[in-house]
Structures are given as C-alpha cells and as structure tokens.
Amino acid sequence: MTITVKITISLKDGMLDPEARAIQHALSNLGFETASLSTARVFKVGIDTDSPEEAEIMAAEMCDRLLANPVIHSYELEAVK
Amino acid sequence: MRFAVLQFGGSNCDQDAHHVIEDVCGVDCDLVWYKEGFRRSYDAIVIPGGFSYGDYLRAGAIATRTPVMQDVRQHAAAGGLVLGICNGAQIGAESGLVPGVFTTNEYPKFICEWVHLKVENASSPFTSAYTEGDVIRIPIAHKEGRYVAGEGVAKRLMDEGRVAFRFCDASGNCTPESNPNGSELNITGVLSEDQNVLVMMPHPERAAESVLGSEDGKKLFYSMIDYCERR
C-alpha cells in the first residue's frame with residue numbers, strides 16, 4: 001500500500017519572510033488588512049509501505065537531507081494515506 | 001597549475017570565469033561538466049554563477065546533491081581551493097562547505113548592480129592581494145543572496161576572520177543603506193574554517209578587466225594563483 005505524507009516546510013519563527021511581506025502589501029492594495037501572513041511549501045510524497053510511522057520517518061529524513069534547510073526552515077509531517 | 005570550472009545544467013557564468021582564469025590570468029583551466037566529473041586533480045575548483053536546475057526547491061539545492069559535489073568536498077577536505085560565485089555560493093552553503101544559507105533578498109526582487117565591498121580578511125588564499133579595509137567595486141546579480149547564518153553565527157564568523165567581504169558604501173562603512181539584500185552584518189563573502197573555501201554572491205569575474213568597468217575582482221584570482229604557487 002502507498003501512504004502519502006504531507007510535508008509542510010515553513011520558515012522558522014523570527015525568520016524574515018520577504019515573500020509574505022510582499023503578499024501582505026498586495027492584499028492591502030486590494031483592501032484586505034492582515035495582522036499576519038506567512039508562507040509555507042507543501043509536498044505530498046507517496047511512499048510504498050503499510051506503516052505510517054515508517055513513512056513519516058522516511059519523510060523526515062528527506063526533509064533533513066534535502067527538502068528543508070535547517071538554518072532557516074522547520075517542517076511538519078502528516079501521514080494522510 | 002590547473003583550475004577547473006564546474007558546469008551544472010543552468011550554470012551561465014562558467015565561460016566568464018574560464019575566460020578570466022585562462023585569458024586574463026594565464027592559468028590553464030578546464031570546463032568540467034558535472035556528469036563527467038573530475039578526471040584529474042586540480043589546484044582550484046570554481047563553482048560559477050547561474051541558475052542550476054532553475055533554482056528549483058532552493059537556489060543551489062539540487063546541484064548540491066549531485067555526486068560530483070562529493071568530489072568537491074573531498075578536494076576541499078584535502079586543502080584544495082574552492083571558490084563559489086553567486087549560484088556557486090548558494091551551492092557551497094547548501095553543501096555545508098561554509099555555514100549559513102543565501103536566501104531571498106530582503107526586498108524580494110532580482111538586483112543587478114555595482115556594489116562596494118569591504119575586504120575584511122586580507123590573509124586568506126582568496127584575498128591576499130588585497131589590503132584589509134580595501135573598498136572594491138564588483139557587481140552583484142541575484143534574487144537569493146541574503147546571507148543568513150542563524151543566531152550568533154554571523155558574529156562568530158566575523159570574530160574568527162571567516163568573513164572575506166561585506167557590503168559597504170564608497171567610504172567603507174558597512175551601513176544598512178549599503179546592504180542591498182539584507183544580509184546579516186552585511187556579509188557576502190564567507191570562508192570555510194580552514195579558509196580554503198570562499199563563497200561570495202558578488203561576481204569578481206565580471207570585474208576583472210578595465211573594459212568591464214572595474215579590475216578589482218582580478219586580485220581575487222591573483223590571490224588564488226599566488227597561494228597555489230606557494231602550496
């Protein structure tokens with residue numbers, strides 16, 4: 001069976017998010033005043049296994065070795081089937 | 001003496017670097033396609049600018065995970081020189097050859113302009129032809145060039161003499177106004193612990209001939225050549 005892990009990669013707290021700032025500015029131009037806004041990137045990775053735990057362990061290793069940069073990023077994993 | 005310029009899919013400053021090393025500085029230089037790898041040893045490896053793999057995922061992230069980068073790490077571990085310029089700097093940082101990361105500019109647009117740099121360390125293999133405190137003029141061209149090293153790391157790098165260049169004004173003052181991309185402490189040239197790896201966002205190869213408006217970058221290549229001759 002294939003388990004899909006949803007990987008969400010965000011900037012760590014306190015990291016400058018220039019893209020979010022530009023989007024907030026554009027929203028403001030449209031009349032939407034926002035108290036906060038942050039960006040994140042989502043990957044959905046299908047892994048052939050019966051074990052959600054095993055899938056998440058593999059996804060975490062993918063984040064540590066490629067998908068995230070530990071200097072600026074944190075990530076969250078969710079096995080979603 | 002022989003240098004190599006490493007080419008990835010999307011490198012686009014490879015020919016410029018090769019031209020400066022071979023035609024301007026008179027050092028033999030090979031263009032090495034990443035899939036072919038290194039067929040001999042080199043005194044120095046230059047990772048040039050460009051947009052390897054379309055900057056997918058993060059600038060430099062994909063190129064960093066190619067097998068040839070293991071050879072670059074081994075070359076560096078053995079004391080060989082590695083110079084990463086612009087995309088090459090992003091690759092060098094992603095590879096862990098130096099601490100930190102070059103990420104989206106504070107104002108998220110592509111900046112292509114001449115800047116002033118202050119030479120912070122003039123004793124490294126890449127900067128010995130300069131004098132500490134020199135103000136040099138070299139262009140930048142990037143959107144992901146803001147240096148972030150994490151809490152306390154940037155200051156430690158300064159204290160350890162591992163910062164080669166910082167953005168400054170024409171008088172050598174490193175001010176917020178002279179920091180085009182929001183880099184921590186205006187840092188834009190970082191050395192490895194042993195100082196045989198330098199990564200930098202500005203393009204010294206674009207400032208190595210007077211016809212281009214500045215020769216200030218040429219001293220960087222001369223420094224490398226001098227170091228390799230003595231080694």
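Q: Which residues of α6(B) are buried?
A: In α6(B), the buried residues are K218(B), L220(B), F221(B), S223(B), M224(B), I225(B) and C228(B). Buried means under 20% relative accessible area, exposed over 50% and partly exposed in between, with a 1.4 Å probe and protein chains only. Helices (H or I, at least four residues) and strands (E, at least two) are DSSP runs, numbered from the N terminus.

Q: What kind of model is this, and how is it numbered?
A: This is a predicted model, in which local features need pLDDT of at least 70 and side-chain atom pairs count only at pLDDT 80 or more, while totals for chains, interfaces and linings use all residues. Residues are numbered from 1 along each chain as its sequence is written, chains are lettered from A and ligands numbered from 1 in the order in which they are written, and side-chain values use heavy atoms, leaving out hydrogens and water.

Q: What is the mean pLDDT of chain B?
A: The mean is 97, and 100% of the residues of chain B reach 70 or more. pLDDT is the predictor's confidence in each residue, from 0 to 100. For the complex, the predictor gives an ipTM of 0.87 and a pTM of 0.95.

Q: Back to α6(B), what covers its buried residues?
A: The cover includes β1, α1, β3, β4, β9 (163–168) and β11 of chain B.

Q: What is the strand order in the sheet?
A: The open sheet of nine strands in chain B runs β2-β1-β3-β4-β11-β10-β9-β6-β7, with mixed pairing. Two strands pair if DSSP finds at least two bridges between them. At the edges are β2 (28–33) and β7 (135–142) of chain B, each pairing on one side only.

Q: How do β1 and β3 of chain B run?
A: They run parallel, and three bridges join β1 (residues 2–7) to β3 (residues 44–47) in chain B. A4(B) is opposite I45(B) in β3(B).

Q: New topic: how many residues of chain A are in contact with chain B?
A: 16 residues of chain A contact 17 residues of chain B, where contact means heavy atoms within 4.5 Å. About 1200 Å² is buried between chain A and chain B, with 62% of that from carbon and sulfur atoms. P18(A), L66(A) and V71(A) lose the most area in chain A, together 36% of what that side buries. Buried area is the accessible area (1.4 Å probe) that two parts lose on being put together, summed over both.

Q: Why does T103(B) count as buried?
A: Because its relative accessibility is 14%. T103(B) is in strand β5 (residues 101–103) of chain B.

Q: What does T103(B) touch?
A: Not counting residues up to four places away in sequence, T103(B) touches I72(A), K143(B), E144(B), G145(B), R146(B) and V148(B).
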